[in-house]
Amino acid sequence: MDIRICIDVDDMERAIAFYTGGLGLRCGRRFQNAFVELLGASSPLDLLLNAPGTHPVAGSTARRSYDRHWTPVHLDFVVDDIDAAVSRLLQHGAVLEQPVTDRVWGRIAGLADPFGHGIDLLQFTGRGYDEIPSGQDQLPS
């Protein structure tokens, strides 16, 4: 089964610059300014242009907001050089919420993209998660 990751944004050009310049993804298909496919990760990311204040689905009382928001789903991007990736993302409008932290399995940093979505950067070392001793909780949060 394939998975596609859809990310609502309110400024398509800024979103393209953030994810291509900050993470090294590249544009695939583009359908006018409403949808842009980003390639270069293990799954394609689809940027979807949606105005703030609009309803995500018909009949919903919820409205889109691009202020920082928490959701039980976030994206982890595995990178080779976490310090360089953090620096690039900050230059493209990310907010650093958790500085680079060392863990037994590698390094992690927590950020928010310019659209309020939380993202983590992971840099694995050694055997990655297999470095975690059995019974210990040191996975990313």
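Colleague: What volume does the second largest pocket have?

Modeller: About 290 Å³. This is a predicted model, where local features need pLDDT of at least 70, side-chain atom pairs count only at pLDDT 80 or more, and totals for chains, interfaces and linings use all residues. Residues are numbered from 1 along each chain, and side-chain values use heavy atoms, without hydrogens or water.

Colleague: What makes a residue part of the lining of a pocket?

Modeller: An atom within 4 Å of a point of the pocket. A pocket is an open set of points on a 1 Å grid over the protein atoms alone, where a 1.4 Å probe fits, with protein on both sides within 12 Å along at least five of seven lines. For the second largest pocket, 15 residues line the space, and A41, S42, D76, F77 and V78 are the closest to its centre.

Colleague: Which strand gives the most to that lining?

Modeller: Strand β5, residues 75-78, with four residues. Strands are DSSP runs of E, at least two residues, numbered from the N terminus.

Colleague: How do you know that β6 and strand β7 pair?

Modeller: Two strands pair if DSSP finds at least two bridges between them. Six bridges join β6 to strand β7, and the two run antiparallel. Therefore they count as paired. V95 stands opposite A112 in β7.

Colleague: Why are β5 and β6 at the edges?

Modeller: The open sheet has the order β5-β8-β7-β6, with mixed pairing. β5 and β6 each have a single partner strand, so one side of each lacks a neighbour in the sheet.

Key. Grid points are joined across faces, edges and corners, and a volume is the space filled by probe spheres set on the points.
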